[in-house]
Amino acid sequence: MHLNIFVSQRCFVYCKGCYSHSREEKCGEMLDTNNILNFLKYAYKKGIKKLTICGGDPLTRPDIMDLLKQIKKIGYYISLDTLGSSILKDIKINTKLTIPKTDAKILSRTVDMIGIPIDGSTNDIFTMFRPTKEDIVKQQIDICNELHKYGANICINTVLHKGNIEDIFEIAKIIHSLEYVKKWQVFEYEPFGKYGIMNKHLFEISDNKFLEIKNKIEKDYNDERIQFKNSKLRNKLYILIDNSGDSYISSTCNLKRNNRKIIGNIKEEKDWPKIIKYLKMK
Ligand code: SF4
């Protein structure tokens, strides 16, 4: 199973289908850097070599660059999922909090794969899922171009849902035009996390529809960079560690936080072997 760690809880996007439990946590709550590193050193010794750093938005964590460098030093292959806005400019979260511009050069050299979302070919379609007043399609392409300048490996992530299903062929044209993109992952919308479940009527699509789109795109493009991930497969693949340190399997997410099946907490050393046991499951 793949390890995903939430390292921040200051997301400024408020996606309607947000999958992240961090949206329910107290603003600013995050795991201590030493808790993360101690667990990761142990996990690495036990054979876990890859992880994904997420949030809401990981780049809003004050010591994110230092944390990434330390994780890299342990030896991990790091993927990082971010909206990427701070790669272009400072982000004002509220009157008291501004996230400074991220150093794209250092980020590109520290992280092995940077995941950037593109969920629509127009701002109207994109913002159905991720509401923002920015010129968001242009912004996401600018972020990719900026990262590419520094040699970053870029993965585009698209959540396929009811609102963008007709648009997916236009999105494919955009991705296809970004020749340097290493991977395009298309995820079937999956209602997990409080907001994901609350708004599932807006986004949910059938497995058959997802398969139909997959077959068509694969036939049109015959491009091995494209990966389709259906919700059933996806659900069994991830162990998530939230900002409180609780680890759980994505498929056990439910409307109430307490309904998740918590395997253990990474702040508790005695829980580490249990978490590793799950991570090693196929
Ligand atoms: S899905 Fe990600 S980007 Fe969107 S609100 Fe949730 S944490 Fe933020």
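What percentage of the 282 residues of the chain count as buried? The share is 39%, where a residue is buried if 20 or more other C-beta atoms, placed from the backbone, lie within 10 Å of its own, exposed if 12 or fewer, and partly exposed in between. The model is a predicted one, in which local features need pLDDT of at least 70 and side-chain atom pairs count only at pLDDT 80 or more, while totals for chains, interfaces and linings use all residues. Residues are numbered from 1 along each chain as its sequence is written.

The chain holds 11 helices and 12 strands, taken as DSSP runs (H or I of at least four residues for helices, E of at least two for strands) and numbered from the N terminus. Its overall dimensions are as follows.

| Property | Value |
|---|---|
| Radius of gyration, over C-alpha atoms | 18 Å |
| Box of C-alpha atoms, along the principal axes | roughly 50 × 40 × 40 Å |

The largest nonpolar core has 60 residues, of which Ile5, Val7, Ile114 and Leu147 touch the most other members; such a core is a set of buried Ala, Val, Leu, Ile, Met, Phe, Trp, Tyr and Cys residues joined through C-beta atoms within 7 Å. Leaving aside neighbours within four places in sequence, Ile114 is in contact with residues including Leu80, Leu107, Leu147 and Ile154, contact meaning that the C-beta atoms, placed from the backbone, lie within 7 Å.

Lys73, by contrast, belongs to helix α2 (residues 64–74) and is exposed, with 11 other C-beta atoms within 10 Å.

Note on methods:
Contact = placed C-beta atoms within 7 Å. Rg over C-alpha atoms; globule rule 2.2 N^0.38 Å.
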